[in-house]
Amino acid sequence: CGIFGVIGVADASNFVALGLHALQHRGQEAGGIVSYDADAGFQSARRFGYVRDNFTSEGVMKHLPGELAIGHVRYSTAGSKGQTAIRDVQPFFGEFAMGGAAIAHNGNITNANALRRELIERGSIFQSSSDSECIIHLMARSLQRTIPERMEDALRRVEGAFSVVAMTRTKLIGVRDPLGVRPLVLGKVGDGWALASETCALDIIGAEFVREIKPGEMVVITAKGVESQFPFRPQPSKFCIFEHVYFSRPDSILGGRSVYETREAIGRELAKESPVEADVVCPVPDSGTPAAIGYSLESGIPYAMGIIRNQYMGRTFIEPTEQIRNMGVRLKLNVNRALIKGKRVILVDDSVVRGTTSRKIKEMILDAGAKEVHFRIASPPTAWPCFYGVDTPQREKLLAATMSEDEMREHLAVDSLRFISLDGLYRAVGEAQGRNSDCPQYCDACFSGEYPVTPADQLEQGFQM
Ligand code: 5GP
Ligand code: SF4
Ligand code: MG
């Protein structure tokens, strides 16, 4: 998901709509904005679909006045069951002692089931099926005197991954979980401030990138400025390495590094680790493009846009049902025959999850007359589900959970298939010594099976680590 908030600028909700539009790649199912204005009070709008279609000046925006607003774009993850209902669309707003608050959450709470049971037993009335709603109820029950203190109280009970943007009538609040699994950045816009999942959302509103919110940090922003505190027990950080590979936008800056440059470096590592003789390097667009450029630069094999993407389709993976996803590949990608016919083709993609994309693309490339097809993948085999806010299917559906690399190659029926090594990936994100196996510098659970936070709800439901 993507989160965004702004304080201290006129028509704050317009900035939020723009910010969310820049974060649309992080969630395309639905979006929402909450604003506060002294006369109008808290106002909220939640809609299915794209930001640009819903949050327009002729439409809902005029009902979201004020100098303080937050927003959320959603895609449903591990915790959620079935289709999203509008009541599951964030931000969530609640009124309780000390006023009220709205929150937008990116990540996944790994003990949400247990918390929900406890809260319901004690009388909380849940409005949604979302794990994130627990935070509001925990805040409402806290005995602390200020809302930021109540939020600290609430978040100390929450396990898992959370980057949160919240607002009261006078404050914008940002928090990252102690491991800092999901990103969150601070920006300065005119006399006001902005919080965003990624820097690309600051760029769109002309905000200056100030810094990242640190793992375990909470910032409380008012007209007077930014106050920072560290309410949690300090722990080694575990930023999601897959943000670098796929999730974030290539024009964002993560950990001081351009995501684009990291992806290009991944492609270079791949070319060093797994060279092959071929005529062209083609990306599976758009997610494989920077890595393919890196592979081409390192290997000297020419780069070609052998597959063309229809820009009017969304990300296939984020379509919730398998059937739609299956169709999606063909609606979205088409082979550029002229470049492929008679060639030995290296295809570079960011990941293989179920193998749906790779299988379809291989078929299309062979139909177009390719002589050989070699897959090079910019992440290690995805053998474990993510429980921290990225939508991966159950373990059984992950190709790499049940097959070796060689079996996958056979299953996909391609001439070769190679994944970047975990160490190679760490080198590409700037860890010259590779992965520190005693204390990995990132979360890489979907590749290694080493979960930095115990997925309590999942274990309860029979998941085996
Ligand atoms: P598959 O077709 O193998 O199930 O999925 C892999 C494709 O889904 C890749 O092309 C990748 O770009 C895309 N993708 C989109 N969202 C995600 C995600 O959240 N996780 C992973 N691993 N891949 C994703
Ligand atoms: Fe990121 Fe994978 Fe960890 Fe999930 S399991 S947070 S996708 S590295
Ligand atoms: Mg892709």
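Q: Is Asp-349 to be read as buried or exposed, and on what count of C-beta neighbours?
A: In this predicted model, a residue is called buried if 20 or more other C-beta atoms lie within 10 Å of its own. Asp-349 has 24 C-beta neighbours inside 10 Å and therefore counts as buried. Asp-349 belongs to strand E20, residues 344–349.

Q: Which residues is Asp-349 in contact with, leaving aside its neighbours within four places in sequence?
A: Two residues are in contact if their C-beta atoms lie within 7 Å. For Asp-349 these partners are Val-284, Ser-287, Gly-288, Thr-357, Ser-358, Ile-377 and Ala-378.

Q: Where is Asp-350 found?
A: Asp-350 lies in the loop between E20 and helix H12 (356–367). Asp-350 is buried, because 23 other C-beta atoms are within 10 Å. Beyond four places in sequence, the contacts of Asp-350 include Val-245, Tyr-246, Ser-287 and Gly-288.

Q: At which residues does UniProt place the feature "binding site"?
A: The unreviewed UniProt entry gives Ser-287, Asp-349 and Asp-350. These residues span 64 residues in sequence, but no two of their C-alpha atoms are more than 6.6 Å apart, so they gather at one spot.

Q: What surrounds ligand 2?
A: A shell may be read by its members, its elements and its residue classes. The residues around ligand 2 include Val-181, Phe-242, Asp-444 and the cysteines Cys-240, Cys-386, Cys-443 and Cys-446. Helix H7 (241–247) and helix H16 (445–448) are the elements that each supply two or more residues to this shell. By class, the shell around ligand 2 holds 10 nonpolar, no polar and 1 charged residues.

Methods. Residues numbered from 1 in each chain as written. Chains lettered and ligands numbered in written order. Predicted model: local features only at pLDDT ≥ 70, side-chain atom pairs only at ≥ 80, totals over all residues. Near = placed C-beta within 6 Å. Helix = DSSP H or I, 4+ residues; strand = E, 2+ residues; numbered from the N terminus. Nonpolar A, V, L, I, M, F, W, Y, C, P; charged D, E, K, R; others polar. UniProt positions renumbered as here; feature names shortened; annotations may be inferred. Buried ≥ 20, exposed ≤ 12 C-beta atoms within 10 Å, placed from the backbone.
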